[in-house]
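Good morning, and thank you for making time for this presentation.

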Amino acid sequence: MTSKYKGYTGRILDVDLTTGKIGEYSLPDRDRERFIGGRYISTKILWDLLKPGIDPLSPDNVLIVMTSPLTGTGAPSTSRYDISAKSPQTGTIGHSNSGGNFGIHLKKAGWDGVIVRGKAQSPVYLDINDDTVTIKDAKDIWGKDIEETKELMGDKRAGKMVIGPAGENLVKYAIVVSQDRAHGRSGMGAVMGSKNLKGIVAKGSKKIELHEPEGFRETIKKWIKMIQAHPATGDFAPKYGTSGFLKSISDHNALPTKNFSSGHYKDAQMLSGQTLAETRLVKNDGCQSCPIRCARVVELDGREIKGPEYEVLCLLGSNMLINDMDAIIRWNYELDILGLDSISTGTVLGFAAELNEKGMWANGIEFGKKENISAVIKSIALRQGIGAELAEGVRFLSQKYGGEDFAPHSKGMELAAYEPRGAVGHGLGYATANRGACHLDGGYMIYFEATGPAILDPYHYRSKPSYTMLDQNLLSAISAGGSCLFTSWTILPSIAFKVPNSRIVSWLVTKILTFAWPAIELTLKMPSYMMRYHLPMLPHSKAIKQATGMDMDFGKFIRMGERGFALERLFNVREGFSAKDDTLPKRFTDEEQISGNAKTKVPLGKMLPAYYKLRGWNANGIPTVETLRKLDLEDMI
Ligand code: SF4
């Protein structure tokens, strides 16, 4: 089946590894109109295919690789594609988006996505060469690390997505890698491992057709120019990468330190992107078609390798009380080639260190101790010794050894590298993100609370439900459309970065932004027909319209984000999740981060009711029938 819309190939490959049957999945255009692409189309397919309650690591789970209409069109930062399944880490919807070159190759081979069902009897990989699709033997590659696998599997010029030993050994937070970019969160590597699927290779020779090629090219030209001229995307991110924010986040008491017991690290400067740029950076790098190029290249043992991102510098740095950037560069490399999510691994190690320090689990992991980290990382990937338990994640460890009040996870996903007591909106995002405590799904409120040039009051809780919902809808729409989330950084006008370093101006901007929350609420309630325009600083909706020919504007785009978010929520509700799971450990909700300052805890109980109401969910966090009708989701009632 094809689609009437351009930008898509209109074809989705459907492979059953149990039977070896290879076919096509038929997706109606109505679902393209409602969910656009990536994680949202995948969630709709998972909704249709999965029985509730299945074991995520059984052959009953379905893995879906999905591109978006902008993937591979040359629009800025659109090499992105998504991998989705029921998550073995959380039991919720699982999805993980990344760059690399696989999505572009897949689309050029004539496929928007791949559905993988069942389980192969022995290790295999899937080889896609235009219309020729073959399930190939991978016994000789099984057990190899990610670098070796990329080298050995399939044609050198093809796009590849592969797992390492962690995925094979079903580590709950195993990743999938394409080129140097990782699908880090939700344990999609373990789902592939459970299917005996070592990787997928795609190579194609087809052209992606566009609805309005001339107009599209014009939009793209202007968009790239804007990104390059913007201080956040044209200067800061290429120069310092994501870790450029590290020091600022510490200054705002939001940098996880010593298993999230504090938000400030005295040696933050030593781990910052600025220090990395001055002392170790060989060059910056980027995903295909990206003018931002936020990735770092550093040297290790005489070789150029991918450098560390903000998350790993924090979680294996400040969170472990380690200020040694060279050690972290090495551990980051080890995590990557073994196929482990650096966020979950870092948070697991921090929690294990606190359990050890408190005498609750003698495991040899200590704050400030570097000597055994490499060995522990390896033991997790291979599930050997204590690694077998660490591989299950923070939730499992807290259930077995105690410490639930300071176990940094929500819904079973380890917290990312932001201490929510220093940014309470970010805390609300963690608790409500559909895949668990994810900073990106949660709306990345930290950008407005502790990193940006003009910030919201990080402790003002009444303003946060509306801002969080807006950001969650916007970021997920951008992701489903096929763009990197960092393209949203242009949302703040350039002038905001040129605000003089004055306390008065900064105080004023913070007050104005914070108390604009009623206006944000009004915007969220506005019918989409009142937003029949495209925003110049966020041209995603315009590019999608020109690429596909769909009736699209900013109102429809942001409503699509809201619809997809509700769809993921419905998936979770069907799996038994509700308001009782929108939680954070007591360390964040009940303990002051700064003793004597009552504002420095996350008032989740005060924010959640307002958030549910805004979203049109009932007090139990379940979308109402009226909301589902409003969002064109009646068929899911
Ligand atoms: S901004 Fe960074 S992560 Fe995003 S597409 Fe560009 S290089 Fe990749």
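Before we begin, one definition: helices are DSSP runs of H or I with at least four residues, numbered from the N terminus. Please also keep in mind that this is a predicted model.

Let us start with helix α23, which spans residues 540-548. Is this helix mostly covered or mostly uncovered? It is mostly covered, since seven of its nine residues are buried. Those buried residues in α23 are H540, S541, A543, I544, Q546, A547 and T548. To be called buried, a residue must have under 20% relative accessible area. Among the elements that cover the buried residues of α23 are α7 (213-229), α20 (464-481) and α24 (554-574). Just after α23 comes G549, and this residue takes a positive phi of about 90 degrees.

Which residues make the nonpolar surface patch of about 350 Å²? They are W507, L508 and I512. Of these, W507 lies in helix α21, residues 503-514. W507 has a relative accessible area of 52%, and it therefore counts as exposed, because the cut-off for exposed is over 50%.

The next patch is a charged one. E404, D405, D590 and E591 form a negative surface patch. Where is D405 found? It sits in the loop between α17 (394-401) and β16 (409-410). With a relative accessible area of 39%, D405 is partly exposed.

Thank you for your attention.

Notes
Residues numbered from 1 in each chain as written. Predicted model: local features only at pLDDT ≥ 70, side-chain atom pairs only at ≥ 80, totals over all residues. Heavy atoms only, no water. Patch = residues over 30% accessible without salt bridge, like charges linked within 9 Å, V, L, I, M, F, W, Y side chains within 5 Å. Areas by Shrake-Rupley, 256 points an atom, 1.4 Å probe, with all protein chains shown as cover. Salt bridge = Lys/Arg side-chain N within 4 Å of Asp/Glu carboxyl O. Lys, Arg positive; Asp, Glu negative; His and termini not counted. Charge placed at Lys NZ, Arg CZ, Asp CG, Glu CD. Helix = DSSP H or I, 4+ residues; strand = E, 2+ residues; numbered from the N terminus. Buried < 20%, exposed > 50% of the residue type's maximum accessible area, 1.4 Å probe, protein only. Contact = heavy atoms within 4.5 Å.
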